[in-house]
Amino acid sequence: MLSIKDLHAEVEGKNILKGLNLEIREGEVHAIMGPNGSGKSTLGHVLSGRPGYEITQGSVEFLGKDLLELDTEERAHLGLFLAFQYPVEIPGVSNMEFLKASVDAVRESQGASAYDTVGFMRRAREACTAVDLDQAFLKRGVNEGFSGGEKKRNELMQMMLLEPRLCILDETDSGLDIDALQVVASGVNAMRSESRSFLLVTHYQRLLDYIEPDFVHVLADGRIIRSGDKSLALELEAKGYSWLDDGEVA
Amino acid sequence: MADLLTPQLNAETPAPDWLQARRLAGRAAWESSELPTRKTEAWKYTSLFALQQPFMAARESAESAEELGLELPQLAGSRLVFVNGFWREDLSEIEPDAAIELVRFSEADQSQAALIAQHLGSVVPGNKHPFSALNDAVLADGVFLRILKGSKAARPVQLVWHNSPQVDAAINSQRLLVLAEQHSEATVVEHFSGQGHSFTNGLTELILAAGATLSHSRLHLESAEALHVGGLHAALERDATLNSFHVAFGGKLKRIDIVINHLGQGAHCQLDGMYLLRGQEHVDYHTCIEHAVPHCTTDETFRGIVGDKASAVFNGRIHIHPDAQKTRAELSNKNLLTSATAEVNTKPELEIYADDVQCAHGATVAQLDESMLHYLRTRGIPADEALVLLSYGFINALVEKQRLESLRDYLKPRLADYFGAALAVDSDDAGG
Ligand SMILES: Nc1ncnc2c1ncn2[C@@H]1O[C@H](COP(=O)(O)OP(=O)(O)OP(=O)(O)O)[C@@H](O)[C@H]1O
Ligand SMILES: [Mg+2]
């Protein structure tokens with residue numbers, strides 16, 4: 001589904017990704033862990049097509065298409081979804097208006113008919129309930145004044161409504177209370193299917209107790225330096241990243 | 001330009017003595033005053049050239065609301081409607097409310113006439129501003145709203161000045177005097193709309209006695225050909241609170257002067273405004289907040305979106321007098337330019353003569369936020385649609401601040417329409 005080969009990317013002239021390789025097949029759940037500043041969010045931004053990130057080398061194929069040739073919105077239409085580590089606030093545009101515009105655009109691009117207003121509002125309310133947010137959040141400006149955890153739930157709600165093929169969750173578990181973590185986990189687990197894949201960026205092994213990954217990768221200094229199964233996360237938790245540095249040197 | 005007076009003088013309606021005296025004084029002041037040119041600092045970016053054409057006196061119209069294209073917010077309170085400056089009883093509604101007196105100058109009883117004579121022009125002396133003098137000179141049927149001491153108006157009061165399209169460009173005059181007595185509370189919405197060429201000289205005075213609270217909106221929704229030179233002048237006594245909200249869709253020429261005088265300690269003013277221009281429209285807001293006494297606060301936010309070859313002017317003056325210690329004043333003006341040929345001249349003017357004050361001001365001309373744009377696009381919203389949504393949000397954020405729900409409900413779809421935003425869902429229905 002997603003095939004990243006030798007990806008190099010820079011921001012403001014600074015090399016961040018330095019030859020990253022990653023292969024995600026349909027239905028798989030991958031977790032990426034790694035120290036602060038290693039390039040995890042950068043990977044998400046690059047995949048989403050954020051301006052300011054320059055790809056200097058390598059290729060990314062998504063569902064048979066050259067992802068890097070597509071506009072940001074086209075990537076979304078194809079089924080790529082990024083839950084932001086720091087979701088943006090958009091005052092003046094209500095969450096409901098935003099969600100409808102988003103779902104309409106994605107459905108239109110896929111040749112599906114738009115939901116009628118009433119039908120859409122019912123879906124939006126259901127998604128709101130599923131992530132345990134009060135309905136009032138649908139009326140508020142997008143993420144405007146939301147707490148950290150509320151923003152993360154809002155990201156998850158969008159993911160549920162858009163039904164993407166590949167979901168990249170950038171630290172969606174950070175800053176969540178224990179109940180919210182359960183909400184995120186059950187949301188993701190409910191969406192797991194043979195045709196949908198996940199890339200979870202996280203610092204905490206705890207999330208992986210709830211969402212069992214097929215693979216765990218360690219990203220350090222712009223490259224994946226170790227891949228394994230879920231036991232790798234446990235090992236990292238116990239030994240820290242320096243254990244890997246040593247391993248590399250040896 | 002002195003001709004501006006002629007058509008209205010010719011159409012002059014009989015007036016009671018107190019009004020006639022005011023007219024004559026205004027006429028004298030108008031005739032002896034020089035019209036501002038672009039050499040005058042306050043008119044540097046706004047030319048009055050468009051006024052140099054023959055105007056006719058406005059004619060009475062009998063068209064129905066439908067024929068007039070009159071669409072009003074459903075505020076559920078009293079409503080006075082004027083078409084081409086003439087009162088239209090059939091379109092107006094009076095809801096009895098013991099808290100208020102709402103009369104036209106022509107029907108004021110003796111005590112009301114005395115109050116009008118006492119207060120009219122007390123905030124805006126006719127000899128200070130040529131267009132105020134012009135307004136005085138042709139004073140006909142102004143509106144007087146009195147909110148009685150200690151009373152709260154049950155429903156908003158709406159005043160509508162609408163122009164019907166006429167063969168020749170017509171000249172109109174509007175006048176409103178609001179007297180909010182001690183510890184009274186009310187909501188007033190002024191509404192200017194209409195089609196075709198017209199020149200309106202609108203003048204509103206708000207007097208807030210001690211402890212009074214007034215929510216006021218002034219909507220300029222006239223057609224793209226409309227000309228409007230007008231003003232809002234307010235005086236706030238001790239602990240009075242004024243929330244004043246201004247909306248201007250573009251017109252050929254709109255110049256609105258807003259002057260708020262903090263005259264009593266503890267007075268507070270929240271002043272919000274927005275202007276939307278395209279084509280070759282021109283809107284000029286000049287605001288001036290006079291902090292004459294200590295412990296008053298001002299919170300002023302204006303936002304504009306200017307496209308095509310339109311031009312906007314915003315001049316925000318905050319004048320803190322030497323006695324006005326402990327003043328807290330904030331002024332923000334943000335502008336979005338949506339074309340390379342659009343123009344904004346924005347200038348905050350802080351004049352501070354007291355030392356113990358908190359003041360902040362900012363004026364920006366900016367593009368839409370890149371990270372917001374990217375966020376929307378990652379959700380599948382195409383770039384052009386995302387820009388529309390963000391423009392709408394930039395302005396709508398000010399609408400959302402307004403407390404009158406029926407007004408928000410009226411403005412939001414109009415904004416969405418203006419930007420061409422396909423907002424199928426009205427968020428206010430979303431919670432149900
Ligand atoms: N606009 C930018 N200008 C300069 N440096 C940047 C910019 N954006 C990111 N970086 C740098 O790129 C590096 C990688 O950042 P990134 O956000 O991808 O890290 P991360 O792995 O997600 O870290 P964290 O775990 O803290 O979220 C950091 O050193 C960061 O400072
Ligand atoms: Mg990060």
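Reply: Nine of the nine residues of helix H1 (residues 40-48) of chain A are buried, so H1(A) is largely enclosed by the rest of the structure. Buried means under 20% relative accessible area, exposed means over 50%, and partly exposed is in between, with a 1.4 Å probe and protein chains only. Helices (H or I, at least four residues) and strands (E, at least two) are DSSP runs, numbered from the N terminus.

Me: Before we go on, what should I know about the model itself?

Reply: It is a predicted model, where local features need pLDDT of at least 70 and side-chain atom pairs count only at pLDDT 80 or more, while totals for chains, interfaces and linings use all residues. Residues are numbered from 1 along each chain as its sequence is written, chains are lettered from A and ligands numbered from 1 in the order in which they are written, and side-chain values use heavy atoms, leaving out hydrogens and water.

Me: Which residues in H1(A) are buried?

Reply: The general idea first: an α-helix has 3.6 residues a turn, so residues three or four places apart point the same way. In H1(A), the buried residues include Lys40(A), Ser41(A), Thr42(A) and His45(A). After H1(A) comes Gly49(A), with a positive phi near 85°.

Me: How do I read the surroundings of a ligand, and how many residues surround ligand 1?

Reply: Start with distance: a residue is near a molecule if one of its heavy atoms lies within 4 Å of it. Ligand 1 is surrounded by 16 residues, and the closest are Gly37(A), Lys40(A), Ser41(A), Thr42(A) and His203(A). That shell divides into four nonpolar, eight polar and four charged residues. Here Ala, Val, Leu, Ile, Met, Phe, Trp, Tyr, Cys and Pro count as nonpolar, Asp, Glu, Lys and Arg as charged, and the others, Gly among them, as polar.

Me: Which atoms lie next to the ligand's oxygens?

Reply: From an oxygen atom of ligand 1, a polar side-chain atom of Asn36(A) lies 3.0 Å away. A backbone N or O atom of Ser41(A) is 2.9 Å from an oxygen atom of ligand 1, and an N or O atom in the side chain of His203(A) also lies 2.9 Å from an oxygen atom of the ligand. The protein covers 68% of the 640 Å² of accessible area that ligand 1 has on its own, using the Shrake-Rupley method with a 1.4 Å probe.

Me: Which element gives the most to that shell?

Reply: H1(A), with three residues. Strand E2 (14-24) of chain A and H1(A) are the elements that give two or more.

Me: Now a loop residue. Is Gln85(A) buried or exposed?

Reply: Gln85(A) counts as buried because its relative accessibility is 16%. It lies in the loop between strands E6 (80-83) and E7 (90-94) of chain A. Its side chain makes polar contacts with the side chains of Ser41(A) at 2.6 Å and Glu171(A) at 3.3 Å. A polar contact is a pair of N or O atoms within 3.5 Å; within protein, one must be able to donate a hydrogen and the other to accept it, and residues adjacent in sequence count only if both atoms are side-chain atoms.

Me: And how many helices and strands does each chain have?

Reply: Chain A has nine helices and twelve strands; chain B has eight helices and 20 strands. Of the residues, 56% of the 250 in chain A count as buried, and 58% of the 432 in chain B.
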